[in-house]
Amino acid sequence: MSNTFGLTGKSDDKDYFRLSNAASDEMIHALVAAGSALAETEREKLMIVWLGDQHTYICGMGNVGFDIVEMPWTKDGFESEKAFILRCVEAAKNKLWWDRLGPELEGILKEELVITWLESFGKLVEKMTVELVDEEERTEWLSWFGKLGKENIIREYPTCEKHKGILLSMYGCRFCVELNENGG
């Protein structure tokens with residue numbers, strides 16, 4: 001099973017790439033690590049929390065892929081949100097906070113592969129425009145925090161103590177989830 005990462009998900013959309021489940025998680029691990037280091041504003045943190053939710057052990061095999069339009073963009077903050085995600089891609093390519101994964105997950109990110117995947121992801125983000133923003137996607141995703149009693153995640157933006165500063169998603173720390181699923 002593989003995951004598709006695209007721009008819009010429409011049938012005529014030629015902008016996409018596919019990754020295996022493990023590769024998808026590795027790419028997003030790198031983005032979440034770098035993004036957790038860089039995120040300063042509430043909107044930036046929210047983007048990383050959303051990415052943190054995209055994990056094979058949470059979403060299921062073949063369900064981690066997404067279209068860039070599904071991310072929690074806002075029309076009024078789009079340009080700064082896009083610039084932030086592109087900074088995260090560059091920082092992830094430079095291995096920012098990869099060391100936060102800890103010794104149990106050491107080596108899980110294969111630099112020569114992850115960088116190529118991040119470049120493909122960055123190209124999709126570059127093609128995203130404010131006209132493609134669907135704020136209903138964001139509203140629906142945010143509603144789940146209340147339904148699950150997890151409002152504190154998007155109010156306080158807690159971080160993982162074990163993985164030193166990694167933003168928690170709705171389901172906790174994605175690296176702790178990885179460890180738990182792999183017997184760590």
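**View 1. Leu148 in the loop between helix 6 and helix 7.** Leu148 lies in the loop that runs between helix 6 and helix 7 (151-156), and in this predicted model the residue is partly exposed, with a relative accessible area of 42%. Together with Trp144 and Tyr171, Leu148 makes a nonpolar surface patch of about 310 Å².

**View 2. The chain as a whole, for orientation.** The secondary structure comes to 8 helices and 2 strands, and along the sequence these elements follow the pattern β-β-α-α-α-α-α-α-α-α. Of the 184 residues in the chain, 50% are buried. The mean pLDDT of the chain is 87, and 88% of the residues reach 70 or more. Among the elements, helix 4 (residues 78-93) has the highest mean pLDDT, at 98, whereas helix 3 (residues 56-59) has the lowest, at 56.

**View 3. A patch of negative charge that includes Asp134.** On the surface, Asp134, Glu135, Glu136 and Glu140 gather in a patch of negative charge. Asp134 is placed in the loop between helix 5 (111-127) and helix 6 (135-147), and with a relative accessibility of 34% this residue counts as partly exposed.

**View 4. Gly6 beside Tyr16.** Gly6 belongs to strand 1 (residues 2-6), and it is buried, with a relative accessible area of 2%. Although Gly6 and Tyr16 are 10 residues apart along the chain, their C-alpha atoms are separated by 4.0 Å.

**View 5. The salt bridge between Lys127 and Asp15.** The structure holds 7 salt bridges, and in one of them the side chains of Lys127 and Asp15 meet at 2.7 Å, N to O. Because Lys127 lies in helix 5 and Asp15 in the loop between strand 1 and strand 2 (16-20), the pair ties together parts that are 112 residues apart in sequence. Lys127 is partly exposed, with a relative accessible area of 43%, and Asp15 also counts as partly exposed, at 24% relative accessibility.

**View 6. The salt bridge between Arg87 and Glu44.** Arg87 forms a salt bridge with Glu44, and the closest N and O atoms of the two are 3.3 Å apart. This pair links distant parts of the chain, since Arg87 is in helix 4 and Glu44 is in helix 2 (residues 42-53), 43 residues apart. Arg87 counts as partly exposed at 41% relative accessibility, whereas Glu44 is buried, with a relative accessible area of 13%.

View 7. Lys93 forms a salt bridge with Glu90, with the closest N and O atoms 3.1 Å apart. The two residues are 3 residues apart in helix 4, so they are separated by about one helical turn. Lys93 counts as buried at 18% relative accessibility, while Glu90, at 39%, counts as partly exposed. Arg43, Asp76 and Glu81 are also joined, in their case in a network of salt bridges.

View 8. Trp97 is not a glycine, and yet it has a positive phi of about 65 degrees; its place is in the loop between helix 4 and helix 5, where it is buried, with a relative accessible area of 18%. Tyr157, likewise a residue other than glycine, has a positive phi near 50 degrees. Tyr157 lies in the loop between helix 7 and helix 8 (174-181), and at 9% relative accessibility it counts as buried.

Technical notes
Residues are numbered from 1 along each chain as its sequence is written. This is a predicted model: local features need pLDDT of at least 70, side-chain atom pairs count only at pLDDT 80 or more; totals for chains, interfaces and linings use all residues. Side-chain values use heavy atoms; hydrogens and water are left out. pLDDT is the predictor's confidence in each residue, from 0 to 100. Helices (H or I, at least four residues) and strands (E, at least two) are DSSP runs, numbered from the N terminus. Patches are made of residues with over 30% relative accessible area and no salt bridge: like charges are joined within 9 Å, nonpolar side chains (Val, Leu, Ile, Met, Phe, Trp, Tyr) within 5 Å. Accessible areas come from the Shrake-Rupley method with a 1.4 Å probe; for residues, only the protein chains shown count as cover. A salt bridge is a side-chain nitrogen of Lys or Arg within 4 Å of a carboxyl oxygen of Asp or Glu. Lys and Arg count as positive and Asp and Glu as negative; His and the chain ends are not counted. The place of a charge is taken as NZ of Lys, CZ of Arg, CG of Asp or CD of Glu. Buried means under 20% relative accessible area, exposed over 50%, partly exposed in between (1.4 Å probe, protein chains only).
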